[in-house]
Amino acid sequence: MTKYNTGNPVGSSSPLDLYDNAENLDAGINGPGHTWVDRKGATRKSWVGIEFDFQKFLADGSTIEFPTWAAAAAAAEAGQIPQNRQAAVVGDEGTHVDPVSGATVPNSGRYVMVSSGLQWAAADVLSQKADRVELETKVNLPVFNSYADAVSQALSSGSVIPISSRVPTGVFGLQLALANWSVAFHAGEDMAVGTYFDSVSAPIGIGSAATRIRVRLWSRAIPGAGGSGSGPGAPGDLLLEDSYIAASELGIVPGATDLVDATLPLNYREVEVGTSYLVELDAVDNAGQRQPMAVRNLVASAWTQERRGYYRNSTSSNFWSNVNAPNALAINLGRAQLISIPQLSSVVTANSTELEGIGAAFDTLQKEVAAKVATADFGLSDDAGWAAMIKSGMDIEVGSVLSALVIPRARLAVGATHLILSVRTRAASGNEALVPGGDPSDTLVLRKTYTVAEAGTAGDGVARDITFVFPTEYRVDDRNIIFDWIAYTDSDQVAVSSQGYRAAGSDSAGRRGWYKTTPGAGFGPLNSAFSLCWSLLSRKLVVRPEALPDSTGHWSIDLVTSAEFEVTGLSLAVRLRLGRGGADLAVTGAVGITPASTGLVTGESRILAASLNNYVAFAYAPVVGRLTNANVGGVVVTRQSDGAVLSLGSDYQVNGPLGAVMRASAGADVPVKVAYNWANSRYSLVYLDANTLQLGVVDGIEKARFAAEFAPGIGVSSRIPLAYLRVVGASMTVHPVWAVKDGYLHRDISAQWEMDRRRNATAMRSTLGALRSGKPVVGIFYGDSIVAMQNATPSTTVPNGVPRDRATSSGGYISIQPLTDAIPLYDFGDGAGAVHTKWGFARAMVAAIEDAYGQEVSVQNLGIGGTRSDSAASNGLDPVRLAALTGLIQAAVSGGSKPFVLINFGMNEVGVATTEANVRQILDAVYAAGGDAIVAGVARRNLIDVGYTDDQWRYTNRALRRAAEYVSPETGKSAAFIDTVGLFDDAYNVIGIHRLDNCGANFTNHPGIREHAAMGKAAAAWID
């Protein structure tokens, strides 16, 4: 169908070639033919042709997957599997006699249909979904694209790198009827301190009744000179892990005389100095009863008893026996290699630097695949131990591959040190009301111990999400899943705990869950009004683009790849690595920093007034109590009326870092004199000069407060920024920025940002389509003061108006900040005159849209300061206010415009359990009315803000992200999300400020000028 057929080379920008390309692609994508001819004369497969070929492949050559061996055998007997066709059985843990070879083989495995029947071929079933890794690439680099096929092969070829070396020479066979083997590995002797391990490998055979391998890992101090130690479980031993793995997953045939080299996964763990790690292996049947196990041995006559090992001399023995000299157990610890470099080398011609770079570029993320969202938690009382059923096919899709379980809003009593998670499966026909382990079909698939740190929590009574990462991934079949978790103290006593719940609604008894009313009680049913909550995660493999080499193996730009900073007084030592033209340069140096001013005030007149809400946060400190200076110490407050020296704590409070005094309790104002010493603060920027490779410093402007807004820029293009220094008097802190790009993008999470950008663009595709076509667009702001920018209370139902967008007016959002004179003022035609601002991250996003598409966006600001997402008066779900929002959306749609809504709640409800559900309801209303939506994360509150924690801040941002990414079943829509954790959390801190300068507009809960600038860039990233 090439009309003009110019013959121009590929890359031509001729309109004639563009016409031919468009016509040909239309035929190739939408036409009925199986092929099409491009403008260069080459025959290409059309989309119809590709679909046809794929269906033919499914019919003729793909692997047929069966859930059980019985189903596969029945299909073979019925003639439903063609000769030489491959078949796979997934998740069947039994065994059978192979009809071709006569050997006893696992039911799960790969099969080939031959003339005499369905022949078992191998246990490594690639179609077993728990062995698959979802790969999502975030880059378009030649080095990766050219290696894509090789990388795919190498991913499935990753192996275990041993970190101990015990080569077997003999065997303790099954005929000896021995069981339960254990051996120790000493840090510094069997493996180097600081290395990592995440697996144990051993040649294993198991008795004919065994179905699973139990692996436990213990730690203890290495015995002193001459000490021989004892078997695991001795007083003082710490159980680190306890898990089960099906023998069929390891390719082990019960009762077989040949031992199988098996690798059993452990949690990723660093070898610590002075520590002995004891691995314990046991074979058990479905009832958990110990069965015989065979292992191999080696000669090591000089080893201590711990390193030689222990065993039980029968399956019923309760005592450890020593593996006698000269024998020792041939069990090894190892570390998994995610991608096989040797495999990649065999199919790719590249230098070793490129190959190692590709291997290092792969990383894993945990993605939520199912959840019951908590709206509250039970708090701590006497309850201990929690369990619930997850219905297969209802709560979680069959075939899902699970890598972790998250318990929301869990609390552990003081003294809790570890948790035990048990996971069982129950037949779909089982009795849902029975407690875990109570139904005959219940099968234990995992029992594992986690320290509180491994689960991401602590024994302090604070509500946190706790995460149980599974040692191996679990593929969901048609059996229901039952989990239970219990917290324990150091002495293995059950500890009080609680977790998040929601209203039960129509949930069945099993889905509502069970709990222990006291630490000593058994599980009983949860109150019928409540239902326990959880979420399930799946592992996703992603590529970190900054870790990939370019197509030549060299960086074509100067790139700081690592940097370390050491502060000694006002001297800063720097050690960094710089990638340049294929070279890896080491740069070291030191810079001296000028101190900021300090001084002493002997008697400043102030008023002690009661603080709003009795908070010492700066925004709530009465103006009359704010001192001229900040960073104050040595405070002495004297009552003016009689010269009495007042007492800190009982008479007054002081906010030293930000400089304010206030009454300690309610009461009348008290005129006082305040004496104190003070220090100014300043931000300085340390840089590397790319021409000379010398370090330098640019100083910002010294201030009592707001120094972060006067942080210096880099100034000269040859300078590479390394870190901001916050200098307070003669001390300083370091805030690295060397890994930050474009003022908002931290290199460590660039893959996440790219994933978010693409997802956000998809969520906003209707708005983008309208912008591309020139259709009018309306932007509606719906949130709190961070979008309202008000200086007085605005209308609940009418957008814009005199009080809104008054950031610099008296009482406005940033009225106490400096630099406000530089913010332009506008007349919005409401009679107030030129008093309005177009400032803040929301306005920055709108400005970016207008700049990209050359058309004005009509802004309807319905923000109201101090509000939350709930249904109280004037809040987000207030029916009156929500109706006003949907009315604006519907009016825009009926008027021929495309509306989008920026939702910004959360700052006034940090840590509140209902935020996610509330925002979901708001989003449903937006979608139903015809709007697109963007949900903004919450900026980080100031360090001195009583009643809020960083964990609560992260919790709320996770809730907002989940609400945004949830796909509405009614409309099929989801919302874009602006990630503020990726801007302001400690690991990123893209603008390089101290926690005392967060929310710099009021030093409490209003982000400042530089924070809004970073949020604005992040908010505009989806615009293409």
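Student: What is the place of Arg726?
Tutor: Arg726 sits in strand β49 (residues 719–728). Strands are DSSP runs of E with at least two residues, and helices are runs of H or I with at least four, both numbered from the N terminus. This is a predicted model, where local features need pLDDT of at least 70, side-chain atom pairs count only at pLDDT 80 or more, and totals for chains, interfaces and linings use all residues. Residues are numbered from 1 along each chain as its sequence is written, and side-chain values use heavy atoms, with hydrogens and water left out.

Student: Why does Arg726 count as buried?
Tutor: Buried means under 20% relative accessible area, exposed means over 50%, and partly exposed lies in between (1.4 Å probe, protein chains only). Arg726 has 7% relative accessibility, so Arg726 counts as buried. Of the 1024 residues of the protein, 53% count as buried.

Student: What is Arg726 in contact with, leaving aside its neighbours within four places in sequence?
Tutor: Contact means heavy atoms within 4.5 Å. The partners of Arg726 include Asn631, Tyr683, His735 and Asp997.

Student: Which aromatic pair is stacked, and what makes it so?
Tutor: Rings of Phe, Tyr and Trp (its six-membered ring) pair if their centres lie within 6.5 Å; planes under 30 degrees apart count as stacked, over 60 as edge-to-face and the rest as tilted. The structure holds 17 aromatic pairs. In one of them, Phe378 and Tyr501 are 4.2 Å apart centre to centre with 25° between the planes, and the pair is stacked. Phe378 lies in the loop between β25 (376–377) and β26 (386–390), Tyr501 in strand β34 (residues 500–503), 123 residues apart.

Student: Are Phe378 and Tyr501 buried or partly exposed?
Tutor: Phe378 has 26% relative accessibility, so Phe378 counts as partly exposed. Tyr501 has a relative accessible area of 16% and is therefore buried.

Student: Why is α13 called oblique to α18?
Tutor: Helix α13 (residues 841–853) packs against helix α18 (residues 1009–1019) at an angle of about 40°, with axes 8 Å apart. That angle makes α13 oblique to α18. Angles under 35 degrees count as roughly parallel, over 145 as roughly antiparallel, 65 to 115 as roughly perpendicular and the rest as oblique. The axes are lines fitted to C-alpha atoms, for helices over the stretch in contact, and angles run from 0 to 180 degrees between N-to-C directions.

Student: Which residues of α13 and α18 meet?
Tutor: Phe841, Ala844 and Met845 in α13 meet His1012, Met1015, Gly1016 and Ala1019 in α18.
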